[in-house]
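Please walk through this structure with the text below as a guide.

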Amino acid sequence: MRTITTVSELRLALAEARNLESRIGLVPTMGYLHDGHMALVQASRRQCSTNVVSIFVNPTQFGPKEDLSIYPRDFPRDEELCRAAGVDILFAPQAEEVYPPQFNTFVEPGALARPLCGSFRAGHFRGVATVVSKLFNMVQPDVAFFGQKDFQQCAVVRQLAADLNFPIEIVTVPTVRDPDGLAMSSRNRYLSAAERARALSLSRGLFEAEADFRAGERDPVRLLLRARRPIENVDELQYLEIVDTQTLEPVANRVSRPAAICVAAYAGSTRLIDNVVLNPDSYAG
Ligand code: AMP
């Protein structure tokens, strides 16, 4: 595995790898890797011949009051995990490499970036769309892998790739959870034992609603009521919504097309998100 920190070196390394038969896979991350990230790496390894992981804590996707300065980092450990997982190139640029002082162009996503997290984190998806576009141009992968845990991010990135004609296949990898159900996240390390117990109510609520959905419930109001009961335990619920997977608009009457039940909440001062997809085609309704 090669660890690379500059775009010019990355381009050179990939020029060697790029040929007619090669398939280059990109897994963009902010580091502090866990099994959720590694599931993306494994998916890339299965589908691609050259596997690139990027580690970059992207400042433009953090708001002024968010956790950029304390975002967890452990580069030596991440490097070792990538090496052991068979990653070919670990791309870990410094902030100035990605955003030199004269940097002045952003990618502004449209309607998909407005609801859910977009309404609580102004500018977040603009930062995500910008850095993902830059990474797509730097790496020029054939396939890029994203986690379903960040459901809205997947929707924004798919739309971005289509709108800006990136010739890149976008693959969504299912959410990896701890054995108790908590969706893995680098931010989970902030949680005290008591906060972690409250954080668990997110997945519990989603799973209860999902069980009702499997049993035939299609009324979004009743599904949300069901999910909300355990989720009452969190410290601040930002949103709990059932949205259409394509448009991210709230489902008003009946879940008759694929939808996702999405939640964002605080446990202590840690913001957590989670979701479960409800697919009416998979279960008799
Ligand atoms: P992050 O480092 O949190 O920005 O995440 C990098 C990538 O890993 C994103 O595509 C995330 O959606 C994905 N990811 C993070 N946590 C999980 C998880 N628990 N399961 C699957 N993918 C995840």
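Helices here are DSSP runs of H or I with at least four residues, strands are runs of E with at least two, and both are numbered from the N terminus. An axis is a line fitted to C-alpha atoms, for helices over the stretch in contact, and angles run from 0 to 180 degrees between N-to-C directions. The model is predicted, so local features need pLDDT of at least 70 and side-chain atom pairs count only at pLDDT 80 or more, while totals for chains, interfaces and linings use all residues. Residues are numbered from 1 along each chain as its sequence is written, and side-chain values use heavy atoms, with hydrogens and water left out.

Two packed helices are described by the angle between their axes and the distance between the axes. Helix α1 (residues 7-17) packs with α6 at an angle of about 45°, and their axes are 9 Å apart. The two helices, α1 and α6, are therefore oblique to each other; angles under 35 degrees count as roughly parallel, over 145 as roughly antiparallel, 65 to 115 as roughly perpendicular and the rest as oblique. On the α1 side the contact (heavy atoms within 4.5 Å) is made by Val7, Leu10, Arg11 and Leu14, and on the α6 side by Asn137, Met138 and Val139. By class, the contact of α1 with α6 has five nonpolar, one polar and one charged residues. In this scheme Ala, Val, Leu, Ile, Met, Phe, Trp, Tyr, Cys and Pro count as nonpolar, Asp, Glu, Lys and Arg as charged, and the others, Gly among them, as polar.

Helix α6 (residues 124-139) also packs with helix α7 (residues 151-163), at an angle of about 50° and with the axes 10 Å apart. That makes α6 oblique to α7. From α6, Phe125, Val128, Ala129, Val132, Ser133 and Phe136 meet Gln152, Gln153, Val156, Val157 and Leu160 in α7. The residues of this contact of α6 with α7 divide into eight nonpolar, three polar and no charged.

The axes of helix α8 (residues 193-214) and helix α9 (residues 220-231) come within 7 Å and cross at roughly 155°. The helices α8 and α9 are therefore roughly antiparallel to each other. The residues of the contact of α8 with α9 divide into seven nonpolar, two polar and four charged.

Which residues come nearest to the ligand? Of the 17 residues around the ligand, these are Met30, His37, Asp150, Val176 and Met184, where a residue is counted as near if one of its heavy atoms lies within 4 Å. A polar backbone atom of Met30 is 2.9 Å from an oxygen atom of the ligand. A backbone N or O atom of Gly147 lies 2.9 Å from an oxygen atom of the ligand. For Val176, a polar backbone atom is 2.8 Å from a nitrogen atom of the ligand.

Most residues other than glycine have a negative phi. Tyr32, in the loop between β2 (24-29) and α2 (35-47), has a positive phi near 50°. Leu248 has a positive phi of about 65° although it is not a glycine, and its place is in the loop between β7 (236-244) and β8 (259-267).

Conventions. A polar contact is a pair of N or O atoms within 3.5 Å; within protein, one must be able to donate a hydrogen and the other to accept it, and residues adjacent in sequence count only if both atoms are side-chain atoms.
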